[in-house]
Amino acid sequence: MTELFVTVHNSAEAADALTAGAQGIWLRNLPDGEAEPGVLAAIVADIGRGRLWLSTERMADAGEGRKADASVVDVGPGAATSHDLIRSLADSQGPGAIARLPVVTEPDWAILRALREAGFAGALLDTADEQRLLSVLPISALAAFVETCRSVGLTSGLAGGLEPPDVPRFLALAPDVIAFSGHWAGQPANPFEPEALATMRRLVRRNEVDFSRAASDGATDRVFVRDHVVDMRVGAYGFEEKAAQKVRFSVEADVFRPSRMPSAMEDVFSYDVITDGIRVLAARAHTALVETLAEDLAALVLTDPRVEGVTVRVEKLELGPAAVGVEIRRTRTDRLG
C-alpha cells in the first residue's frame, strides 16, 4: 500500500501534516535557526508519531530523543557512473538511507541495483524547483523505476510537483511512497497548504476504501477510452519482434457510482489510468500475444477498488485489410479468483 509522506520545514507543518493523515514526514531545507541541534530535537519530539525522514547527515541523529527512520541523501548525475561514490554515500548515512535522485532526463535504471548493492534501502525520484515529475519523465519511465526498485529490493518513492490528476496515475504504479511538498504544482505562493494536503490524503485513500457499496443499488457508470492507437512491438512472428506496428486499444471500465455528486478528483476514476497503462505496455521491448496485452491492461484497471469490471479490445491494424485482435471482459470476481 502506498504511503503518503509530506515535506515539512518546521514543527507546526509537521503537526498539521500528521493531523491531516500523512503517514510520514520528510524534514528538509530547515532555516538556519531551526537547524541548530536543540531546535531540531524539539521538532522531532513534537512530531511524535508517523515515520520520519531527515535530509542531511547532520540531522541523522536528532538529539537524545527519537532517531530518524531514514536519512535522505542526494545522489546526483555524477554518481550514476561511480559505484565507489554511491558506496561512500551509503556508508556515510548508515543503514536505511534513501537515495534522492534529482531527474532531468530518464536515468539509466542500472543505478538502482548499484544503490541496493551499496546498502541503500530506497530510492526517491524528485525534480528541481517543484517541476511536475510527469513533465520531466513519461509514465513508462516511472513504471520502469517502480518495477526495478521492486525487483532489486528497494523502497520506491515518487516526489516532485504534483497536481490532483497526477495522484491516481502514481497510485496505479503502486510506489511505496508518494512524497508531497504541501502545495500543488503551479501554486508556490504558500510553502505549505493544509487544504492541499487534505485533498492529497483523500486522493490517496481512494485506493484504501472498498467502493463496492458506494451506491446502495450497486449501480455503475462507464469510463471509456476508445480507438487509442500506439506503435509497439507485438506478435508471434519474427518480423513482428523486429519492427513496431500500429495497435488500437479500446477500453470500457464499469465504475461503481459514487454516493454523492462528483465535485473533485477524488470522486472519480481517472481515464488517465487507462491511457497510462497503454503507454506502459507500448514501452515494452516486445510482447508475443495481444491476449497478454489485454489481460495485463485489464488487471491494471481492476486494481482500482472503484472498478467492478472492464472490457478491453486490442487490435493489430497492419496485418491485412482489416483489424485483427481480441476482446476480453474481466470483473473483480475474476481478478480476486
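Trainee: Which strands form the closed barrel, and how are they paired?
Mentor: This is a predicted model, where local features need pLDDT of at least 70, side-chain atom pairs count only at pLDDT 80 or more, and totals for chains, interfaces and linings use all residues. Residues are numbered from 1 along each chain as its sequence is written, and side-chain values use heavy atoms, without hydrogens and water. Pairing needs at least two DSSP bridges between two strands. The closed barrel has eight strands with parallel pairing, in the order S1-S2-S3-S4-S5-S6-S7-S8.

Trainee: What is the average twist from one strand to the next?
Mentor: Axes are lines fitted to C-alpha atoms, for helices over the stretch in contact, and angles between N-to-C directions run from 0 to 180 degrees. From one strand to the next, the twist averages 25 degrees.

Trainee: Which residue of S2 is the bridge partner of Thr-7?
Mentor: Strand S1 (residues 3-8) pairs with S2 in the parallel sense over four bridges. In strand S2 (residues 24-27), Gly-24 and Trp-26 point one way, Ile-25 and Leu-27 the other, and all are buried. Buried means under 20% relative accessible area, exposed over 50%, partly exposed in between, with a 1.4 Å probe and protein chains only. The partner of Thr-7 in S2 is Trp-26.

Trainee: What angle does the direction of H6 make with that of S7?
Mentor: H6 packs on the sheet and touches strand S5 (98-102), S6 and S7. Contact means heavy atoms within 4.5 Å. The angle of H6 with S7 is about 160 degrees.

Trainee: How do the residues of the contact of H4 with H6 divide?
Mentor: The axes of helix H4 (residues 110-118) and helix H6 (residues 139-152) come within 9 Å and cross at roughly 30 degrees. Leu-112, Arg-113 and Arg-116 of H4 meet Phe-145, Thr-148, Cys-149 and Val-152 of H6. Ala, Val, Leu, Ile, Met, Phe, Trp, Tyr, Cys and Pro count as nonpolar, Asp, Glu, Lys and Arg as charged, and the others, Gly among them, as polar. The division is four nonpolar, one polar and two charged.

Trainee: How many helices and strands are there in the chain?
Mentor: Both are DSSP runs numbered from the N terminus: helices are H or I with at least four residues, strands E with at least two. The chain has 12 helices and 12 strands.
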